[in-house]
Amino acid sequence: MAKSLVTLTIGQSPRSDILPLLRQHLPDAVTDHAGLLDGLSAADIAVQYAPAAGEAVLVSRLQSGEQVRLAAPKVEQGLQRKISALEQAGYDIILLLCTGEFGTLSTRRALLLEPDRIIPPLIRALVQQQRVGIVVPVEEQIVEQAGKWQQLPSPPCFAVASPYLADEQTFAAAARTLQAADVGLVVLDCIGYHQQHRAALQSRLGVPVLLSNQLVARLAAELLG
């Protein structure tokens with residue numbers, strides 16, 4: 001019999017990089033893990049999901065720890081097939097481990113938790129006139145995801161630092177960008193960021209730094225009861 005909840009990454013599962021954080025809120029006894037790229041070789045991934053010129057890009061992680069760049073439209077199509085299969089397998093809650101924007105994902109019965117539908121309204125409710133800092137993994141996403149944050153009281157300040165590739169110097173540079181913009185709150189806008197990344201920014205900025213994966217994992221835990 002299927003467990004109550006399954007996490008679904010657009011990379012490969014299990015996500016060992018963020019699994020300790022997820023387990024703080026989602027016990028193994030009630031949680032399974034699945035990935036869009038599970039069982040695929042590097043060649044398979046390139047054929048099925050490599051972004052073409054001008055295509056929106058999403059970033060995730062393979063089991064090897066390698067960063068992978070994926071075409072957002074192809075990911076969305078693949079996710080829908082995966083979601084339908086997971087629902088058919090009997091899961092009650094499907095937690096998507098990706099903060100990218102998806103407009104067409106759906107379920108017939110299971111509850112689908114999409115971070116891009118949950119986090120921006122939550123951040124809008126938290127801030128008043130403070131400027132928000134958004135950290136994304138790759139440069140292309142600054143333009144691609146700007147619309148996602150359009151409900152904020154003022155345009156956010158974006159900084160780039162990949163959770164899979166960036167070193168301490170890159171995060172320090174991101175912190176300087178955010179500090180120069182006088183941000184009052186920072187969102188790490190990728191599921192791959194973890195406590196180490198949060199601490200690196202918070203120590204330099206002295207403002208709240210929120211982890212997307214922690215926010216949605218806490219919500220999913222509440223739904224489990």
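**Salt bridges and burial, case by case**

Visitor: Why does E114 count as buried?

Guide: Its relative accessibility is 4%, and buried means under 20% relative accessible area, with exposed over 50% and partly exposed in between (1.4 Å probe, protein chains only). So E114 is buried. Bear in mind that this is a predicted model, where local features need pLDDT of at least 70, side-chain atom pairs count only at pLDDT 80 or more, and totals for chains, interfaces and linings use all residues. Residues are numbered from 1 along each chain as its sequence is written, and side-chain values use heavy atoms, leaving out hydrogens and water.

Visitor: What makes E114 and R117 a salt bridge?

Guide: The term asks for a side-chain nitrogen of Lys or Arg within 4 Å of a carboxyl oxygen of Asp or Glu. Here N to O is 3.1 Å, so the pair qualifies. R117 is at 48%, so this residue is partly exposed.

Visitor: How do you know that R204 and E168 form one too?

Guide: Their closest N and O atoms are 3.6 Å apart, so they pass as well. The pair links distant parts of the chain, 36 residues apart: R204 sits in helix α7 (residues 195-205) and E168 in helix α6 (residues 168-180); helices are DSSP runs (H or I, at least four residues), numbered from the N terminus.

Visitor: Why is E168 called exposed?

Guide: Its relative accessible area is 56%, so E168 is exposed. R204, at 34%, is therefore partly exposed.

Visitor: What joins R15, D17 and R61 into one network?

Guide: Salt bridges that share partners. The R15–D17 one is 2.8 Å, N to O.

Notes:
Helices (H or I, at least four residues) and strands (E, at least two) are DSSP runs, numbered from the N terminus.
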